[in-house]
Amino acid sequence: MTEFASTESHTTPVLRQTNVRSTYRLQLRPDALTFADARAIAEYLQQLGISHLYLSPVMSAMRGSAHGYDVTDPTTVSAALGGPSGLKALSDELRSRGMGLIVDLVPNHVGVSDPRQNPWWWDVLCHGRKSQFAHFFDIDWSPSNGAGGRLALPMLQNENDPAALTVDRSGPEPMLALHDLRFPIAPGTDGENALRIHDKQHYRLVSWKAGICTYRRFFSVSSLAAIRQEDPAVFEITHRELSAWCEHDVIDGVRVDHPDGLAHPAAYLARLRRLIGPHRLLLVEKVLSNREPLDAMLPIDGTTGYDALADLGGVLIDADGEKALTELSRKYCGHGSNGAWIGNNEHRIKRAVAETMLVPEIRRLVAAIKCDAGVSGIDTVPISDMALTNATIEVLSFMPVYRTDYAPLAGMITAVVQKVCKRNSELTAPLSVLVTALAANGEAAVRLHQVCGAVTAKAVEDTMYYQGARLVSLQEVGGNPARFGRSVLEFHLANSERAQRWPATMTTLSTHDTKRGEDVRARIGVLSQAAELWAESVPRWFENTPPPDEATALFLLQNMFGMWPNDGRPAATVAGLRERLHLFAEKSAREAGTKTSWEEPDLEFESALHQWIDAVIDGQVGGGLSETVIKLAPHAWSDALSQKLLQLCGPGIPDIYQGCELWEDSLVDPDNRRPVDFGHRLSMLQSLTGTPELDSSGAAKMWIVAYALWLRRERPECFAGGAYTPLFAAGDRAGHLIAYARGRVDEPPQVIAAATRHSVRLNETGWGDAALDLPPGTWTDRLTGHTFTTRVRLEKLFTRLPVALLVR
């Protein structure tokens, strides 16, 4: 294994892992994809060219969990997935094929929705602060915590729920029962009356609307309780299995889920790196805000690829469509869903999130600020809790990143506090308390960063990105809707930096967390090339079938366009499509929070929205959508293939989300976690002969995926740690080409990836005299078999497909 280390600085990223060429993400679930099932498809993935399987969490989780992030026992491998023997057998199977394994680690939280399934949580509920596991969790036991010093569990649906409490004596130990849930009864507190028993427990059941929760959560999700990885004992026990996997060479790398939620992410990652060793891949699920750099001092290989996703999709967006789509959004949403709208509303939405769903976190943060600043109470200083809370929320609402304690962001809090103070001089006094607390670098500083990430995620990704409707493909995790695409120059510079600084980072186009799958996003992106057509169609459709809310409908129409059948079938005949759209629409409307919400569902509005969706599917609007989808289908396929080839051959380690080697039409979770038909994919891969047609079968996509992965396997030195050289065409239509060369550093290039952009306009004008000068040598397109030398006209290069993969 080759290791490239710079002698200039210890902070320069090191290419530790050269045998990870590509990954394939599998969403394990007990009912559809276990370790044994993964073993069964290993041969197919090997034939496809994958080097490593990349698994969703494998530890014991809530029974029936379809994702695995609600871990209930971090010390055991899920028996429902196949247990430790099943994981070892999968690893051995992969090793025998020259492949490897990467696992998804969940260090920040555990699942507590059913206390009986989590032995640590059950013990804490039973014994309170005296539990041997009490210090594992981040719990506020103070008398002023809003629950009388007890552990508040926001699990009651309404105020009458306590009357439903009973005592379950069917087992060896009595338990408090609330419908299907069970809670422990502390020793010596049993009795006849359930309510009186409840009053004697270390916990208190409260309404989820009360704004009381005395344990740190994952964002605002009360069913996920955060754990304290800053405690060495907690780290040791929660990473014991991982240590054994490394000792026995079961795994080759780790993906860390949500490190920003931890008390000290950098310290945690340093300890994790020491545990797994210098040569295993270490990736973090880090959402980088607009132009935020990844901290080069972290001992990691990179991120899970949201930053690359934004570049790959953005370079295909046509800036000429911005005006028409902005005006359409302004007409029906009352704003342009653009940078000005974001600038005017992000602060407001963040405040609303902090003042509603994150009230418990804000309350605890303010208490920590008062403590660290030496403020014993409002009687001794002329600053009220309300003023301090307001100042704290203001600072959080202007934070442009998830957290600011990474090295490249030094000074950001200073700038934000100054901005808040300048905007509102009345906050000077409470801000002085906040500054004093932060200077102490204690609990308050830690909690500020943790709450900052929660505010950002819930306000931006989970609210604002459901309210905008200019071009929804830009409203993605790690995206920036204010930037209407990327220029080719921006794209090349981002790729060049990725090749130099983070050669083993992950790149992706789809994940279990993306709002839309890659091909849905690519198709929606084509609307930037057909903005006038879309802007003419939408008013006509609204007149034909008026929606209950035009802003919501404009958002949904783009998503419908992105996943509408493009093979001529009426949408009403496509199995499952209607149900999927209804579920997506309800989730989207509630996340947006403008007409309905999770907290206060407007059932009348939602009923009208569902009726509108049915009317669209069954009526003239659905027919109009079909016509538009079919008309633009070749361009959607072109963009989908372009972004795929650019990802697979670009800097970093490309990840393929399960099933995405064919066309896929997934929307947000749980839609994107549907089971995949691997048998169909295997038969298609084995039957591919000759360059396939660009049609709805997806064969062209699989063809490109396979040939790109085979080339990475054949010439790995050209990719991991290899050079990246932008290539530019000549001629009037040169701007429609994206191309780059790959190869060994300081040697002539061996591979060229070339892709088409903005094909709608090309369809009208053709490539004209546009041509690309090739480096010396004879170049063969692995996708078509055509051979080229010196200068190649682009119309000839792209005769069969909108992409080319040239090899010297």
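Biologist: How do you know that the span of helix H12 (residues 359-372) agrees with its 14 residues?

Modeller: Helices are DSSP runs of H or I with at least four residues, numbered from the N terminus. The expected span is 1.5 Å times one less than the number of residues. For the 14 residues of H12 that should give 20 Å, and the end C-alpha atoms are 20 Å apart, so the two agree. A word on the source: this is a predicted model, where local features need pLDDT of at least 70 and side-chain atom pairs count only at pLDDT 80 or more, while totals for chains, interfaces and linings use all residues. Residues are numbered from 1 along each chain as its sequence is written, and side-chain values use heavy atoms, with hydrogens and water left out.

Biologist: Which residues of H12 are buried, and what do they pack against?

Modeller: Buried means under 20% relative accessible area, exposed over 50%, and partly exposed in between, using a 1.4 Å probe and protein chains only. In H12, Pro360, Glu361, Ile362, Arg364, Leu365, Val366, Ala368, Ile369 and Lys370 are buried. Their packing partners include helix H11 (339-355), helix H13 (385-397) and helix H16 (443-461). After H12 comes Gly374, with a positive phi near 80°.

Biologist: Why is the pair Lys88 and Asp92 called a salt bridge?

Modeller: The term asks for a side-chain nitrogen of Lys or Arg within 4 Å of a carboxyl oxygen of Asp or Glu. In Lys88 and Asp92 the closest N and O atoms are 2.9 Å apart, which makes the pair a salt bridge by that definition. The two residues are 4 apart in helix H3 (residues 83-96), so about one helical turn separates them.

Biologist: What makes Glu606 and Arg590 buried?

Modeller: Glu606 has 5% relative accessibility and Arg590 has 14%, so both lie under the limit for buried. Their side chains meet in a salt bridge at 2.7 Å, N to O. This pair links distant parts of the chain, with Glu606 in helix H22 (residues 603-618) and Arg590 in helix H21 (residues 577-592), 16 residues apart.

Biologist: How many salt bridges are found in a search of the whole structure?

Modeller: The search finds 64. One of the pairs is Glu518 with Lys701, whose closest N and O atoms are 2.8 Å apart. Glu518 sits in helix H18 (residues 518-525) and Lys701 in helix H25 (residues 699-714), 183 residues apart. Both residues are buried.

Key
Contact = heavy atoms within 4.5 Å.
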